[in-house]
Amino acid sequence: MFLDIKELERDPLDFEEDFKPGVLDLGGEARQTGLLKASGRAEVVEEHHGKHQVIKDIRLRGRLAASLELQCARCLDPVPQEVKRDFELLYRPLGTDAGRDELSVTDAEAEIGYYQGEGLLLEDVLREQVLLALPLKVTCREDCKGMCPQCGKNLNQEHCSCSITVEDPRWAALKEVRGTLKNSR
Ligand SMILES: [Zn+2]
Ligand SMILES: [Zn+2]
């Protein structure tokens, strides 16, 4: 859905959109498993700079909700993740702030972005908001054993023989203690 500055100038736009998986390109980080629901309002906000310059910003307020699947950071298994986010964003024309020290921001609370040309795609905005809402790291469970660094087997599901050859410094310390105990007997 293209948010056209000219159309928004005539009328603010109330939107309520459902996006099927695949419509928003979330990259390799997340997979959308159900509908992504977004609703809100887009409108033009005018900023007056001096006597003659009027800058037309697009203000976007709304919320989104989506069911996603992320990858476990240790074993790479899919981990379901619900994402909900409210947003209040202000998009200024690209180049507006170039060479300007002082920003007269209409709404200090809003996050600021830039639009190029005649407007911006709602899909791009939502994509960015979804990615911002993702946790940096998820694990499938607290005690996920991860993958064997040598053979790549998922150690939650199977054992592998190569993990024995990886010497844990804690085991080495324990062996030493055992040795001392034997000797003192
Ligand atoms: Zn895991
Ligand atoms: Zn292994």
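Reply: The protein chain has three helices and eight strands, where helices (H or I, at least four residues) and strands (E, at least two) are DSSP runs numbered from the N terminus. This is a predicted model, in which local features need pLDDT of at least 70, side-chain atom pairs count only at pLDDT 80 or more, and totals for chains, interfaces and linings use all residues. Residues are numbered from 1 along each chain as its sequence is written, chains are lettered from A and ligands numbered from 1 in the order written, and side-chain values use heavy atoms, with hydrogens and water left out.

Me: What makes an atom a donor of the zinc ion (ligand 2)?

Reply: Donors are N, O and S atoms within 2.8 Å of the metal (3.2 Å for Na, K and Ca); water is not among the atoms, so sites may look incomplete. The SG atoms of Cys148, Cys151, Cys160 and Cys162 lie 2.0 to 2.3 Å from the zinc ion (ligand 2), so they count. Along the chain, their spacing is C-x2-C-x8-C-x1-C. Cys148 and Cys160, twelve residues apart, both sit in the loop between α2 (122-133) and α3 (169-184).

Me: How do you know whether Cys148 is buried or exposed?

Reply: Buried means under 20% relative accessible area, exposed over 50%, partly exposed in between (1.4 Å probe, protein chains only). Cys148 has 5%, so it's buried. Cys160, with 10%, is buried too.
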